[in-house]
Amino acid sequence: MNDDMPPRPRPWWIKIIIIAVALPVLALPLMLEKAPANGQADGFLLFYPIYVVAAAICEWICWPRRPEITWILVALMVLTHAAMWALVLNPLP
């Protein structure tokens, strides 16, 4: 690793991607409404917005030195959104 390398500037399009990928967390009230009554998903649903905010901050911070980490975090966040909707819409027996 070469720490003497100057950081890359954060382009406008990566800012838009990070914000756009984090926005589905705003559907949390709808998820809570659709969540099964047995409470199996409650812990995950309460941790979900904390994870999204933390991941978005990490994506933002990582871009100048490690853009590949930003892309990995973006992909993980998209998969997390899909997993949360699957958890809510397809409850475990």
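These legends walk through close-up views of aromatic rings in a predicted model.

**View 1. Three tryptophans gather in one aromatic cluster.** Trp 13, Trp 63 and Trp 71 make up this cluster. Rings of Phe, Tyr and Trp (its six-membered ring) pair if their centres lie within 6.5 Å; planes under 30 degrees apart are stacked, over 60 edge-to-face, and the rest tilted. The count by this rule is 3 aromatic pairs.

View 2. Helices (H or I, at least four residues) are DSSP runs, numbered from the N terminus. Trp 63 is buried at 6% relative accessibility, whereas Trp 13 is partly exposed at 36%. Buried means under 20% relative accessible area, exposed over 50%, and partly exposed in between (1.4 Å probe, protein chains only).

**View 3. Trp 13 stacks with Trp 71.** This pair has 6.2 Å between centres and 15° between planes. It joins helix H1 to helix H4 across 58 residues. Trp 71 is partly exposed, with 36% relative accessibility.

**Notes for all views.** Residues are numbered from 1 along each chain as its sequence is written, and side-chain values use heavy atoms, without hydrogens or water. Local features need pLDDT of at least 70 and side-chain atom pairs 80 or more, while totals for chains, interfaces and linings use all residues.

Terms used. Helices (H or I, at least four residues) and strands (E, at least two) are DSSP runs, numbered from the N terminus.
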